[in-house]
Amino acid sequence: MLDSQQETIRAVNRTIRDFADDPRIPSDESWEFFCECGCFTLVGRTVEQFDQDEGGVWAPGHKTEAPAETV
């Protein structure tokens, strides 16, 4: 489950992605997205790479596994 900071960063990243999806911009253009751990490290991705990153945008080594939910 995402916390509110991660949800905000993910929303900002989606806005950047939507802005980048312009037919006048080359499809291989790299855009800077924010790492979703909250550190605000910029991570370069093309629109295609962003779309393939279903788990979000993370700087190398920044994604941590969520703790197992208890039942």
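Asp51 is partly exposed in this predicted model, with a relative accessibility of 41%. Its side chain meets that of Arg17 in a salt bridge, at 2.8 Å from N to O. Because Arg17 lies in helix α1 and Asp51 in helix α2, the pair ties together parts that are 34 residues apart in sequence.

Let me stay with Arg17. Is this residue buried or exposed? At 14% relative accessibility, Arg17 counts as buried. Arg17 also forms a salt bridge with Asp21, here at 3.2 Å from N to O. Arg17, Asp21 and Asp51 are therefore linked in a network of salt bridges.

The structure holds five salt bridges, and I wish to present one more of them. Glu36 and Arg10 meet through their side chains at 2.7 Å, N to O. This pair, too, links distant parts of the chain: Glu36 is in the loop between β1 and β2 (42–45), Arg10 is in helix α1, and 26 residues separate them. Glu36 counts as buried, at 1% relative accessibility, whereas Arg10 is partly exposed, with a relative accessible area of 22%.

How values were computed
Residues numbered from 1 in each chain as written. Predicted model: local features only at pLDDT ≥ 70, side-chain atom pairs only at ≥ 80, totals over all residues. Heavy atoms only, no water. Salt bridge = Lys/Arg side-chain N within 4 Å of Asp/Glu carboxyl O. Helix = DSSP H or I, 4+ residues; strand = E, 2+ residues; numbered from the N terminus. Buried < 20%, exposed > 50% of the residue type's maximum accessible area, 1.4 Å probe, protein only.
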